[in-house]
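I opened my notebook beside the model today. Here is what I looked up, entry by entry.

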Number of protein chains: 2
Amino acid sequence: MRPGLLDRLPAVVNIGLPWFCDGIRAAGGSALQVEWRPPALSPEVMAVFRRHADTIAAANQTAVARIMAARPHLAGMGIARDCIPGMTPDTLLHAGPPVTWEQMCGPMRGAVMGALLHEKRAASPDEAERLAASGAVRFAPCHEHAAVGPMAGIISSSMPVFVVEDIEHGTRAHCTMNEGLGKVLRYGAYGADVIERLRWMERTLYPALQAGLERLGAVDLRALIAQALHMGDEVHNRNRAATSLFYRAVAPALVETCRPDTAAAVLRFIDRNDHFFLNLSMAACKASLDAARGIPASSIAVAMARNGTEFGVQVSGTGDAWFTAPAPVPDALFFPGFSKADANPDIGDSAITETGGLGGFAIAAAPAIVQFVGGTAQDASGFTLAMYEITAAEHGAYRIPSLDFRGTPVGIDVIKVARTGIRPFIDTGVAHREPGVGQVGAGVVEAPIEPFLAAAEALALALASPPGKEQSCALMTS
Amino acid sequence: MRPGLLDRLPAVVNIGLPWFCDGIRAAGGSALQVEWRPPALSPEVMAVFRRHADTIAAANQTAVARIMAARPHLAGMGIARDCIPGMTPDTLLHAGPPVTWEQMCGPMRGAVMGALLHEKRAASPDEAERLAASGAVRFAPCHEHAAVGPMAGIISSSMPVFVVEDIEHGTRAHCTMNEGLGKVLRYGAYGADVIERLRWMERTLYPALQAGLERLGAVDLRALIAQALHMGDEVHNRNRAATSLFYRAVAPALVETCRPDTAAAVLRFIDRNDHFFLNLSMAACKASLDAARGIPASSIAVAMARNGTEFGVQVSGTGDAWFTAPAPVPDALFFPGFSKADANPDIGDSAITETGGLGGFAIAAAPAIVQFVGGTAQDASGFTLAMYEITAAEHGAYRIPSLDFRGTPVGIDVIKVARTGIRPFIDTGVAHREPGVGQVGAGVVEAPIEPFLAAAEALALALASPPGKEQSCALMTS
């Protein structure tokens with residue numbers, strides 16, 4: 001921290017959510033809330049949206065109808081190389097939009113090194129680092145391979161994955177099993193304990209869960225998430241209820257298919273990690289949102305994801321393009337000994353939960369999370385209520401008790417984000433910025449506005465220049 | 001129902017919680033809210049309370065401090081005749097204040113008959129009924145034998161019970177295992193399926209859980225309940241989270257101590273009954289509240305209980321006396337085919353949860369319950385907020401997320417109830433009024449005011465006439 005910066009009480013000008021002022025004022029500082037709005041979209045872009053308003057509205061209704069009609073089920077498990085489309089032995093999938101080794105942040109580099117050690121493609125961290133930098137590793141976003149990964153989000157070819165299928169549209173999504181908290185691969189740790197745990201997960205946890213799930217049959221994740229929202233979870237930073245319900249569902253089948261010592265070890269592993277369900281909630285959202293991709297003229301976001309360097313958004317009506325900006329650093333409750341100076345910029349595919357109307361969008365269901373960073377239950381409701389301003393629908397299945405069981409805000413409309421300047425509110429974990437350290441906190445963050453402006457402009461361009469006509473690049477300069 | 005009563009829209013005068021008007025108005029009826037207050041305590045009684053105000057306040061602080069300091073743990077299991085003090089082979093414990101066979105309501109009679117069949121003291125329902133009426137059965141309240149029972153609350157000598165111990169004060173409380181929903185003993189059913197389930201619980205469920213709990217060690221019920229309140233439970237009519245957390249705690253130990261098929265059957269039994277934890281939350285409250293009994297001058301209620309005929313309250317400063325009035329019929333969501341005309345008056349020891357600051361007193365944590373009977377999340381908060389008016393403290397461990405983690409209202413002060421006319425708000429299940437039928441609904445009810453007035457007057461009498469002086473009976477005629 002700059003010397004002298006906090007010698008006196010801070011005076012702050014805030015241009016984001018007004019709530020950020022409250023903590024400063026409560027601590028005796030002075031804070032001024034400025035009703036700043038981002039530069040409006042250009043008159044040309046706005047004119048395109050006005051001209052195509054009915055088309056856009058109809059496309060968005062189709063998109064949110066598909067998202068809400070999705071019925072994601074946990075269908076089973078498999079090995080990444082066998083299940084994930086396009087997965088080759090030299091592929092490492094990662095969170096967020098595309099990123100090169102050179103651009104990768106510390107925790108993602110650490111996780112890449114850990115994965116190469118786990119795959120036995122390197123014998124030491126140094127060797128792993130050299131290999132990763134050599135060009136011999138094919139890096140690709142999880143999102144482009146029907147997968148999602150929390151934090152660094154690294155998936156390598158031999159890792160076991162859950163297979164989630166939306167039985168309404170047939171869309172599939174994949175995710176690894178959650179490792180637990182602290183020093184774990186997804187937060188960039190790659191020590192011997194991390195690799196040993198990954199091995200145990202592959203050799204013991206995976207076959208046990210696979211057998212149990214096979215006996216149990218498909219697990220209705222939408223129903224489970226709907227219940228968890230009534231039990232204080234928003235299934236991003238709080239998954240205690242969802243993990244409990246999943247545990248209840250799978251335990252009897254596990255007991256009937258495994259050796260008792262294995263069943264007990266597996267149950268203890270899940271019981272000690274209230275975030276075990278996180279990966280499944282992410283895959284459930286991914287499967288639901290992928291069903292809404294590629295609808296011409298739709299301004300609904302189908303993915304928000306961060307690679308720790310950049311934040312990116314993909315939109316239904318603009319194909320596979322990523323619209324990106326530098327990832328912000330979250331506000332967080334830091335573990336003892338750490339501060340915001342240690343924090344890596346925001347990272348992970350877990351913002352797929354917010355994209356699906358959960359996580360920060362459903363934070364009114366889980367006020368404990370806002371308490372982390374000094375907020376109140378009323379603040380939590382306020383954040384959710386603000387998200388209705390930038391979404392196209394209220395979810396038919398996911399409902400919030402404290403808002404009288406109102407459906408969660410779902411279907412982020414990038415045009416509404418661009419018009420209002422209200423940025424998506426995201427719950428998040430915080431990784432140390434150096435590789436090898438791990439988690440240092442948990443908190444909240446607002447998405448940067450630029451990717452939403454860029455996405456809106458690209459959509460306007462597509463609307464103004466249907467295929468076959470010459471594209472009007474002038475629209476891009478707002 | 002009286003013919004013609006509902007031929008036109010009803011016009012209602014309401015003297016209870018204003019919310020009862022809302023449903024009538026929503027249905028198009030007219031409702032007048034009258035700010036009626038019960039007859040005030042007599043000037044003589046009020047004078048006694050004023051004279052002893054400091055003594056009462058200090059005694060009440062002692063009482064609530066003991067209630068909140070209690071640390072109820074599930075210590076293990078045993079058979080009723082071996083664990084419960086004063087339990088003889090011919091004893092049947094029941095819910096609520098003392099009641100004779102002649103006064104017993106239908107569902108309690110049904111449960112008594114079922115227990116006699118289960119104990120093989122009768123071979124048919126007719127024989128059981130004759131035996132119960134013969135005087136050969138010793139009926140006693142659970143509350144007078146360190147026990148609590150939901151609904152009919154029947155505990156017979158061979159039934160397995162949980163042993164809950166408050167490790168702060170050494171107080172113990174006992175309860176049976178919850179049988180599930182529908183046609184079950186506690187709702188007055190006594191068919192062959194009911195008796196067969198009781199037998200399975202005795203021969204399979206009990207030894208399995210006992211062995212598992214022995215391996216696991218004591219379970220901290222206060223910590224578990226505190227978590228469940230953050231997960232949408234009020235641990236009376238909603239126990240899904242608490243049951244899930246209990247399940248997670250016990251499952252690995254069960255797997256390690258039982259045959260796999262037994263462990264799987266036990267886990268499935270618990271998984272299928274979200275109310276499995278109810279009996280434990282009741283025993284946790286009973287143990288906590290018994291620690292506050294017998295404090296001279298304290299006006300804090302230590303038990304509220306109903307036997308299906310009468311509602312009764314016991315108060316710390318008035319010893320073992322019960323103050324009673326006829327039990328009211330709950331407002332409820334009735335199962336298809338049933339209505340309020342089928343409902344038995346309120347029954348069960350489960351109001352011990354409200355006495356301990358949970359259940360209806362914590363309903364802001366579980367708005368889904370109010371939804372049953374047409375209420376909103378705001379109504380739920382309103383009910384909890386009203387209960388702060390009649391309680392002496394806010395619980396230090398039990399907190400409500402939607403009220404910014406405010407402690408639940410705890411320590412019902414009968415003087416405050418008598419003064420304000422605000423009646424304790426209770427969540428409850430509803431039994432059919434005939435024996436043998438079972439549950440017909442679930443809802444809410446307000447305690448009758450009379451027992452609280454009588455308890456306040458008795459306390460005033462005790463304060464005015466300390467032991468050794470002649471008692472002034474004039475005070476009793478207010």
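This is a predicted model: local features need pLDDT of at least 70, side-chain atom pairs count only at pLDDT 80 or more; totals for chains, interfaces and linings use all residues.

**Entry 1: buried or exposed**

I began with a rule: a residue is buried if 20 or more other C-beta atoms lie within 10 Å of its own, exposed if 12 or fewer, and partly exposed in between, with C-beta atoms placed from the backbone.

**Entry 2: the chain as a whole**

I looked up the elements of chain A and found 16 helices and 18 strands. Helices (H or I, at least four residues) and strands (E, at least two) are DSSP runs, numbered from the N terminus. Chain A has 478 residues, and 56% of them count as buried. Next came contacts: two residues are in contact if their C-beta atoms, placed from the backbone, lie within 7 Å. Among the contacts of chain A between residues at least 6 apart in sequence, 72% join residues at least 24 apart.

**Entry 3: two copies**

I then turned to where the chains touch. Chain A gives 28 residues to the contact and chain B gives 28 residues. On the side of chain A that touches chain B, helices H9 (240-257), H10 (260-271) and H13 (368-372) of chain A each supply at least two residues. The largest share, 10 residues, is from H9(A). Sorted by class, this side of chain A has 16 nonpolar, six polar and six charged residues. For the classes, Ala, Val, Leu, Ile, Met, Phe, Trp, Tyr, Cys and Pro count as nonpolar, Asp, Glu, Lys and Arg as charged, and the others, Gly among them, as polar.

**Entry 4: the core**

A nonpolar core is a set of buried Ala, Val, Leu, Ile, Met, Phe, Trp, Tyr and Cys residues joined through C-beta atoms within 7 Å. Which residues have the most contacts inside the largest one? They are A:Ala456 and B:Ala456, in a core of 319 residues. Leaving aside neighbours within four places in sequence, I listed the contacts of B:Ala456, among them B:Leu41, B:Val45 and B:Ile415.

Helix H2 (residues 43-51) of chain A has the buried residues A:Val45, A:Val48 and A:Phe49. They cover an arc of only 95° around the axis, so they sit on the same side of H2(A). The arc is that of the directions from the helix axis to the C-beta atoms. A:Pro43 and A:Arg50 are exposed, on the face of H2(A) turned away from its buried side. The cover over the buried residues of H2(A) includes helices H3 (53-69), H15 (414-420) and H16 (450-464) of chain A.

I traced an open sheet of three strands in chain A, in the order S5-S4-S6, with mixed pairing. Strands S5 (138-141) and S6 (155-156) of chain A stand at the edges with a single partner strand each, so one side of each has no neighbour in the sheet. Strands pair if DSSP finds at least two bridges between them. S4 (residues 91-94) of chain A and S6(A) pair in the antiparallel sense over two bridges, and A:Leu93 stands opposite A:Ile155 in S6(A).

**Entry 5: loops**

A:Val235 has a phi near 55°, a positive value in a residue other than glycine. This residue lies in the loop between H8 (221-229) and H9 of chain A. Is A:Val235 buried or exposed? I counted A:Val235 as buried, because 32 other C-beta atoms lie within 10 Å.

Definitions and conventions:
Residues are numbered from 1 along each chain as its sequence is written. Chains are lettered from A and ligands numbered from 1 in the order in which they are written.
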